[in-house]
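Welcome, and thanks for taking a look at this one. Please keep the sequence and the 3D view open side by side as you read.

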Amino acid sequence: MADTLLVEEIPEKPVSGFVDFAKRFVRNRAALIGFIITVILVIVAVFAPVIAPYDPYDANMPMSLTKPTAQHWLGCDELGRDILSRIIYGARISLRVGVEAVALALSVGIVLGALAGYFGGRLDLIIMRLMDIMLAFPSILLAIAFMAVLGRGIENAIIAIGIVSIPEYARIVRGSVLSVKENDYVTAARAIGNSDAAIIFRHILPNVMAPIVVRATLGISSAILDTAALGFLGLGVSPPTAEWGTMLGAGRGYVWDAPHLLTFPGLAITVTVLAFNLMGDGLRDALDPHLR
Amino acid sequence: MAESLFEVHDLKKHYRVQGNKILKAVDGVSFHVFRGETLGLVGESGCGKSTTGRLIMRLEEPTGGSVIFEKKDLTALRGRRLRSLRKDIQIIFQDPYSSLNPRMTIREIIAEPLKVHKLAKGNELEKKVSQLLDYVGLASYQANRYPHEFSGGQRQRVGIARALATQPKLIVCDEPVSALDVSIQSQVINLLKDLQQEFKLTYIFIAHGLNVVKYMSDRVGVMYLGKLVELASSESLYERPLHPYTQALLSAIPRPVPGSKKKRIILKGDVPSPIDPPKGCRFSTRCFKVQDICTSEEPVLKEIEPGHFCACHFI
């Protein structure tokens with residue numbers, strides 16, 4: 001083999017994929033802002049007991065419906081509870097439901113989508129028609145139905161919102177698997193003697209991660225919106241738990257007398273959803289192979 | 001060379017396509033391959049040569065026929081037994097860019113077949129990987145890099161190292177050089193030849209470049225529209241092609257001799273669709289020797305001279 005000379009040169013220090021990705025992400029100002037807001041939200045949620053100025057469940061009737069003051073920056077609600085503290089504690093609920101619901105939907109969606117895409121045929125038909133049926137219902141309506149069956153509570157909200165978002169992930173995963181499995185390295189993996197499971201988990205799934213990560217980030221924001229919607233309808237977490245949607249629902253009777261009861265939780269939802277959407281868009285731009 | 005490593009009998013692959021029609025990609029191909037030789041398969045795009053390679057590998061399910069590899073019928077094997085036999089038959093792909101998993105390092109790619117078949121682990125695995133890299137002319141310090149850091153020729157070497165890892169008996173080379181630069185082509189071809197000698201490999205060499213096939217192969221099979229039309233030793237086929245299609249094909253090789261008088265045979269029309277192939281001889285619609293019998297009766301592959309097979313009514 002000595003007669004086959006190697007003349008091609010290899011760069012000494014290759015640029016790692018992650019550094020490349022991070023550079024592109026940071027260059028996108030909107031995505032960076034979204035990322036920073038998200039980090040702040042996570043810090044606020046984790047350290048809520050330290051940061052919150054008051055106990056969010058401490059009713060103080062004389063302060064009922066107080067407008068924002070120096071003591072209560074965002075005012076007090078109908079029971080005299082400090083709204084800022086409640087919003088800070090609400091971040092815990094929203095982020096938890098968002099992340100866990102997406103995790104649930106992702107794990108089921110990846111498995112279903114990968115099975116449908118990889119094996120195709122009748123299995124694909126059955127799985128995807130099932131997903132189509134779920135997609136035919138407005139997701140919030142389906143979530144309401146699940147909540148009605150499961151009862152209120154944060155775990156049930158996670159399950160309901162998780163289940164209704166399975167089809168989105170299953171579809172994305174299936175589509176990506178369909179295109180990736182045409183690559184020769186998948187055929188090579190089979191020729192080597194890998195089992196189907198090894199081919200799916202070692203060779204296909206790592207190569208479909210980019211679109212899934214993007215979709216999951218955007219999915220967190222829609223899960224947060226859904227949680228708020230359930231809370232507003234009185235179907236989410238049970239009161240008196242501080243949750244943004246529930247706060248909106250409770251405050252809607254005072255919209256003329258004390259608009260701050262609605263304004264601030266509403267703003268919290270908007271900013272959070274916006275942050276995740278900006279971050280998701282930034283991730284898509286940074287991970288999109290077509291721009292490379 | 002008399003011992004045959006494996007035999008293909010009446011291999012068929014039919015696809016059901018739109019409108020419930022049947023596309024006959026491979027339609028009754030039979031041949032055998034001797035231990036240690038290189039059998040070339042040539043033909044135009046869509047003639048079924050790549051599909052034949054994939055059928056032999058059991059990467060696709062044949063519609064009919066059998067592949068006998070060392071007395072075992074591959075087409076009857078399933079699941080675990082098929083997977084364990086895969087270490088004896090490996091494949092080298094055409095496109096070095098899609099044949100390596102972009103998320104795995106070169107080391108992981110080459111080590112994978114050894115791990116799957118539990119042939120080595122730990123230090124021994126490391127040693128084998130560097131040995132394999134050495135065989136194909138890559139340095140072991142390159143093993144921790146990812147495929148995108150390599151050129152096409154280097155990637156193809158990685159693909160060859162992966163195919164060699166399990167010490168297979170047969171390697172199907174599916175157009176291994178047609179995606180490479182001409183200068184790199186000869187390197188890879190010579191590498192394949194060296195490895196064949198060193199490891200007593202048997203190759204099925206699928207290609208459309210006639211010169212490359214001639215250089216590589218001991219025997220050559222010519223395919224047309226899912227059928228084998230001629231099969232002979234390399235010299236015999238290139239010196240005395242019998243089938244009209246082979247004659248036309250060979251006349252298309254450019255000759256580097258100025259003023260050489262060899263006449264080019266120009267075929268009329270295009271390759272017919274394999275969905276509705278012509279009745280009788282499949283080549284009858286384009287053949288310059290066509291007679292009535294050609295459109296009614298299908299010629300069989302028969303031995304004209306010792307070792308020289310041809311499927312034509314007039315030979």
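What follows is a short tour of the chains, their interface and their salt bridges.

This is a predicted model. Chain A buries about 2,900 Å² together with chain B, and two salt bridges cross between them. A search over all chains brings the salt-bridge count for the whole structure to 24.

**Chain A as a whole**

- The C-alpha trace of chain A spans about 90 × 50 × 25 Å along its principal axes.
- Of the 292 residues in chain A, 46% are buried.
- Looking at contacts in chain A between residues at least 6 apart in sequence, you will find that 71% join residues at least 24 apart.
- Chain A exposes about 14,200 Å², and 68% of that area is supplied by carbon and sulfur atoms.

**The interface between chain B and chain A**

- Chain B brings 40 residues to the contact, and chain A brings 25 residues.
- Carbon and sulfur atoms give 54% of the area buried between the two chains.
- There are 12 residue pairs in polar contact across the interface, with both residues at pLDDT 80 or more.
- On chain B, at least two residues of the side that touches chain A come from each of β6 (89-92), α3 (106-116), α5 (152-164) and α6 (182-199).
- Helix α6(B) gives the largest share of that side, with six residues.
- Sorted by class, the side of chain B that touches chain A holds 16 nonpolar, 11 polar and 13 charged residues.

- B:Glu112 pairs with A:Arg202 in a salt bridge, and their closest N and O atoms are 2.9 Å apart.
- A:Asp184 and B:Arg54 form a salt bridge too, with 3.8 Å between the closest N and O atoms.
- This pair joins two chains, because A:Asp184 lies in helix α9 (residues 184-192) of chain A and B:Arg54 in helix α1 of chain B.
- Are A:Asp184 and B:Arg54 buried or exposed? Both are buried.

**Salt bridges within a chain**

- A:Arg96 forms a salt bridge with A:Glu155, with the closest N and O atoms 3.3 Å apart.
- That pair links distant parts of the chain, 59 residues apart: A:Arg96 sits in helix α4 (residues 83-119) and A:Glu155 in helix α7 (residues 154-164).
- A:Arg96 is partly exposed at 31% relative accessibility, and A:Glu155 is partly exposed with a relative accessible area of 45%.
- A:Arg284 and A:Asp281 meet in a salt bridge through their side chains, at 2.8 Å from N to O.
- Both of these residues lie in helix α13 (residues 260-287) of chain A, three residues apart, or about one turn of the helix.
- A:Arg284 has a relative accessible area of 39% and is partly exposed, while A:Asp281 counts as partly exposed at 32%.
- In chain B, a network of salt bridges links B:Arg35, B:Glu70, B:Asp88 and B:Lys169.

**A closer look at B:Thr51**

- B:Thr51 is found in helix α1 (residues 49-56) of chain B.
- Why does B:Thr51 count as buried? Its relative accessible area is 16%, and buried means under 20%.
- Apart from neighbours within four places in sequence, B:Thr51 is in contact with B:Lys13, B:Tyr15, B:Ala25 and B:Val26.

Conventions:
Residues are numbered from 1 along each chain as its sequence is written. Chains are lettered from A and ligands numbered from 1 in the order in which they are written. This is a predicted model: local features need pLDDT of at least 70, side-chain atom pairs count only at pLDDT 80 or more; totals for chains, interfaces and linings use all residues. Side-chain values use heavy atoms; hydrogens and water are left out. Contact means heavy atoms within 4.5 Å. Buried area is the accessible area (1.4 Å probe) that two parts lose on being put together, summed over both. A salt bridge is a side-chain nitrogen of Lys or Arg within 4 Å of a carboxyl oxygen of Asp or Glu. A polar contact is a pair of N or O atoms within 3.5 Å; within protein, one must be able to donate a hydrogen and the other to accept it, and residues adjacent in sequence count only if both atoms are side-chain atoms. Helices (H or I, at least four residues) and strands (E, at least two) are DSSP runs, numbered from the N terminus. Ala, Val, Leu, Ile, Met, Phe, Trp, Tyr, Cys and Pro count as nonpolar, Asp, Glu, Lys and Arg as charged, and the others, Gly among them, as polar. Buried means under 20% relative accessible area, exposed over 50%, partly exposed in between (1.4 Å probe, protein chains only). Accessible areas come from the Shrake-Rupley method with a 1.4 Å probe; for residues, only the protein chains shown count as cover.
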